[in-house]
Amino acid sequence: MRLPPAIVGHTEEVLREILRFTGPADGTLSRYFRDHPKLGSRERGVVAEAVYGLLRNKAIYTSFAESGNGPTMRRMTLLGLADAVSIESLGGLSDEEIEWLKRVAEIDRNLMPPLMRSNLPQWLFDKLVARDGEAATLQLAHAMNQPAPLDLRVNSLKANREEVITALAEAPILCEPTPYAPLGLRVIKKPTLQNLPLFKSGAIEVQDEGSQLLAQIVGAKRGEMVVDFCAGAGGKTLALGATMRNTGRLYAFDVSEKRLAKLKPRMARSGLSNIHPVLIAHENDAKVKRLAGKIDRVLVDAPCSGLGTLRRNPDVKWRQTPEAIAEMNVKQIAILSSAARLVKSGGRLVYGTCSLLDEENDAIAAQFLASHEDFSLLPMKDVLAEQKIELEMGDYLKLLPHQHQTDGFFAAVFVRKAAGGSPDKDKREDVAP
């Protein structure tokens, strides 16, 4: 079925705003769709897919758009739409535009220069090539330029994985167990989940397998006091709460009231009552200091460049800058150092990012260890063995989309050295900030 000609205009209008890179693409799209309620679900889907396709392939499409006639933004829009649907499905195109799109589709992209094929900004391409070599960088970039799969986490308080697979099959929605996360499912295609009884009842949550693994290596146990230091909307918080079997106290700290507000309905759906959302002003807030030395396990899923999530957020690579990342590094070490104060003797501190860059990952871990002699590194291979996760790693968790089919994730696990040689396990204070 041919799409109405107006789709080209809508896509061009929203694309023009998104390519200013003043904010996240998903937020701009959501606002545009709210402002244009007459767009049907199919049309919204096509516009979104065209925009994301163009953001993934921006370097190549910018080059293509330099050929042909007419305004550049219209040509960019047509390339994005042709990427999302067939050329024949687009209404309102001139014969000349159709011919041009067909000629472009015949170009062998493998013959283009490596930088253009990577669809990465020059600074990021150069940085990755210097570390990994050109062939490995192109492999990674190719994986990053594919749409991410849809992963679910089964809420173990309400169901097991086999029950969910059976219930989804009746929908009918096909899925398969994720290879590493024990409660993960990878859905075939991308159905709408919000109206499913499984989703409404809290038996499933949408969560990338890498994010699930990051929560699992915290190793949270029943009855413990745990802090998710940068909780955001709470995906990992919910996973931790279920691991704790809804016992103990789990504090969800965040500096954003808006993000914490999104956690509350998810908590209600999950059936968890051991989570305590806490709004903090900054990492040195008095509410944080009150818990110093009392917490068994702390997760710091630190603010970062987000370059590991390019499959979902392709605009990030065009919005991010080396200068912004350098500023972020200062914040990362400050947050990690502040979170470390919470950890009791013998307790565990986990630092994680969804970044691919050494300066946000290995370098922060090394800097932390150099300035905190009371902490030691727990090798990731030992943590994974403890959690019975069959994944080959060295000192750190390093997940990559082309190797593990997850988002790009990093994690380091530190342990506070026990005073007198043994962990302090006798305190279970109920402290409400």
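A: Let's begin with Ala171, which in this predicted model sits in the loop between α10 (161-169) and β2 (175-177). Is Ala171 buried, exposed or partly exposed? It counts as partly exposed, because its relative accessibility is 42%, and the partly exposed class runs between the under 20% of buried residues and the over 50% of exposed ones. Pro191 comes 20 residues away along the chain from Ala171, and their C-alpha atoms are 10.0 Å apart.

Now for the empty spaces. Rolling a probe the size of a water molecule over the atoms shows where such space is left. Take the second largest pocket, with its volume of about 310 Å³. It is lined by 22 residues, and those closest to its centre are Arg131, Leu356, Lys398, Leu399 and Leu400. Two or more lining residues come from each of α8 (122-132), α9 (134-144), β11 (397-399), α20 (401-404) and β12 (409-416). Of these, α20 gives the most, with three residues. Sorted by class, the lining of this pocket has nine nonpolar, seven polar and six charged residues.

What about cavities? Searching the whole structure turns up one cavity of 30 Å³ or more. The largest cavity holds about 30 Å³ of space. Around it you'll find Val288, Lys289, Ala292, Ser338 and Arg341. That lining splits into two nonpolar, one polar and two charged residues.

Note on methods: Residues numbered from 1 in each chain as written. Predicted model: local features only at pLDDT ≥ 70, side-chain atom pairs only at ≥ 80, totals over all residues. Heavy atoms only, no water. Helix = DSSP H or I, 4+ residues; strand = E, 2+ residues; numbered from the N terminus. Buried < 20%, exposed > 50% of the residue type's maximum accessible area, 1.4 Å probe, protein only. 1 Å grid on protein atoms, 1.4 Å probe; cavity = no way out; pocket = protein on both sides within 12 Å on 5 of 7 lines; lining within 4 Å. Points joined across faces, edges and corners; volume = space filled by probe spheres on them. Nonpolar A, V, L, I, M, F, W, Y, C, P; charged D, E, K, R; others polar.
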